[in-house]
Amino acid sequence: MKRFGKMSAVLALTFCMSVLGACANGGNNQTGAASEGSATKAGTTITLGFSQVGAESGWRSANTKSIQDSAKEAGYNLKFSDAQQKQENQIKAIRSFIQQKVDVIAFSPVVESGWDTVLKEAKDAGIPVVLTDRAVDSKDTSLYVTFLGSDFVEEGRKAGKWLSEQYKDTKEDVNIVELQGTTGSAPANDRMAGFAEVIAANPHLKVIASQTGDFTRAKGKEVMQAFLKANKDIDVLYAHNDDMALGAIQAIEAAGLKPGQDIKIISVDAVKDGMQAASEGKINFIVECNPMLGPQLMKIVKDVVDGKSVEPRIVTEETTFTSEQAKEALPNRAY
Ligand code: GZL
């Protein structure tokens with residue numbers, strides 16, 4: 001399979017040199033478009049290397065299924081690696097994909113930082129990289145073709161807007177505890193920032209405790225137990241994902257309190273278990289984060305291999321659910 005790589009780069013550079021003089025920045029190719037003459041040879045199988053964060057949550061399982069099912073549907077040879085939430089495992093997997101000379105590498109970076117070296121190795125090997133689900137903080141955007149995923153800051157804003165509306169007339173302080181996602185991850189950083197940006201408008205809305213629950217149910221329960229022990233008067237929980245919210249619900253009920261009533265709960269993802277809890281009134285508001293990225297990813301991979309241009313940022317469509325809306329939507333949820 002001819003790849004976007006050295007041959008295409010030479011052709012592109014020659015083209016630049018002849019028409020535009022020296023191409024100072026011939027390599028900054030966000031679109032991943034190869035030059036003419038490197039179109040895919042018909043009938044060859046695309047090989048995609050995918051490094052997944054892990055299997056930490058219902059969202060992740062649904063995301064993995066979407067990618068595996070879509071690759072099968074597209075007839076691609078998928079090399080899939082589960083990093084068990086460790087960056088070093090993702091870096092190892094990406095290096096292995098480079099060694100295997102896959103056509104495209106895609107991955108969901110477990111944290112935002114520390115990717116430049118390995119992404120440069122992929123670029124030097126002429127293998128295009130697609131970010132899915134989570135972003136990286138690399139300043140050099142030529143290291144990847146596109147980022148396909150949610151706007152996590154907007155997700156945090158949606159959570160903040162709902163809460164601000166609920167308490168717009170309050171004259172008393174509202175004590176909020178926050179279960180953050182994986183430390184250093186884009187969804188944790190951005191959901192926190194978006195929420196804080198919106199609630200700052202109401203001085204009565206106070207985050208009295210904020211700690212990572214690493215996006216897992218077990219850790220969410222453990223941290224919520226500690227919050228309950230340390231704070232006698234908690235009014236609201238803002239959880240960065242459903243799994244941590246569901247763990248926290250176990251802790252809240254064990255403490256003899258009613259989730260959704262004694263403590264209002266806002267969560268993110270809208271996976272089936274979270275929507276079930278919301279339909280029972282245990283979660284009051286869920287911001288959807290769509291994990292079904294498989295079909296769009298496979299289209300991007302094909303376009304990259306075929307030398308077509310790709311938008312550098314593709315934002316996934318998603319909505320929000322109150323308890324009532326969750327009850328209506330639950331029967332038709334795909335994940
Ligand atoms: C968000 C995704 C997050 C989910 C969590 O796109 O990266 O990781 O919100 C998952 O459930 O663990």
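This is a predicted model: local features need pLDDT of at least 70, side-chain atom pairs count only at pLDDT 80 or more; totals for chains, interfaces and linings use all residues.
Colleague: How many residues surround the ligand, and which are the closest?

Modeller: The shell around the ligand divides into five nonpolar, two polar and six charged residues. Altogether, 13 residues surround the ligand. The closest are Glu56, Asp133, Arg134, Arg191 and Asp269.

Colleague: At what distance is an N or O atom in the side chain of Asp133 from an oxygen atom of the ligand?

Modeller: A polar contact requires a pair of N or O atoms within 3.5 Å. A polar side-chain atom of Arg60 lies 3.0 Å from a ligand oxygen atom, and for the side chain of Arg191 the distance is 2.8 Å. For an N or O atom in the side chain of Asp133, the distance to a ligand oxygen atom is 2.3 Å.

Colleague: How much of the area that the ligand exposes when taken alone does the protein bury?

Modeller: The ligand sits in the largest cavity. Taken alone, the ligand exposes 320 Å². Of that area, the protein buries 100%.

Colleague: Which helices each supply at least two residues of the shell?

Modeller: One of these helices spans residues 58-74, and another spans 186-199. They are helix H2 and helix H6.

Technical notes: Residues are numbered from 1 along each chain as its sequence is written. Side-chain values use heavy atoms; hydrogens and water are left out. A residue is near a molecule or strand if one of its heavy atoms lies within 4 Å of it. A polar contact is a pair of N or O atoms within 3.5 Å; within protein, one must be able to donate a hydrogen and the other to accept it, and residues adjacent in sequence count only if both atoms are side-chain atoms. Accessible areas come from the Shrake-Rupley method with a 1.4 Å probe; for residues, only the protein chains shown count as cover. On a 1 Å grid over the protein atoms alone, a cavity is a set of points where a 1.4 Å probe fits but cannot get out, and a pocket is an open set with protein on both sides within 12 Å along at least five of seven lines; lining residues have an atom within 4 Å of a point. A molecule sits in a cavity or pocket if more than half of its atoms lie within 2 Å of its grid points. Helices (H or I, at least four residues) and strands (E, at least two) are DSSP runs, numbered from the N terminus. Ala, Val, Leu, Ile, Met, Phe, Trp, Tyr, Cys and Pro count as nonpolar, Asp, Glu, Lys and Arg as charged, and the others, Gly among them, as polar.
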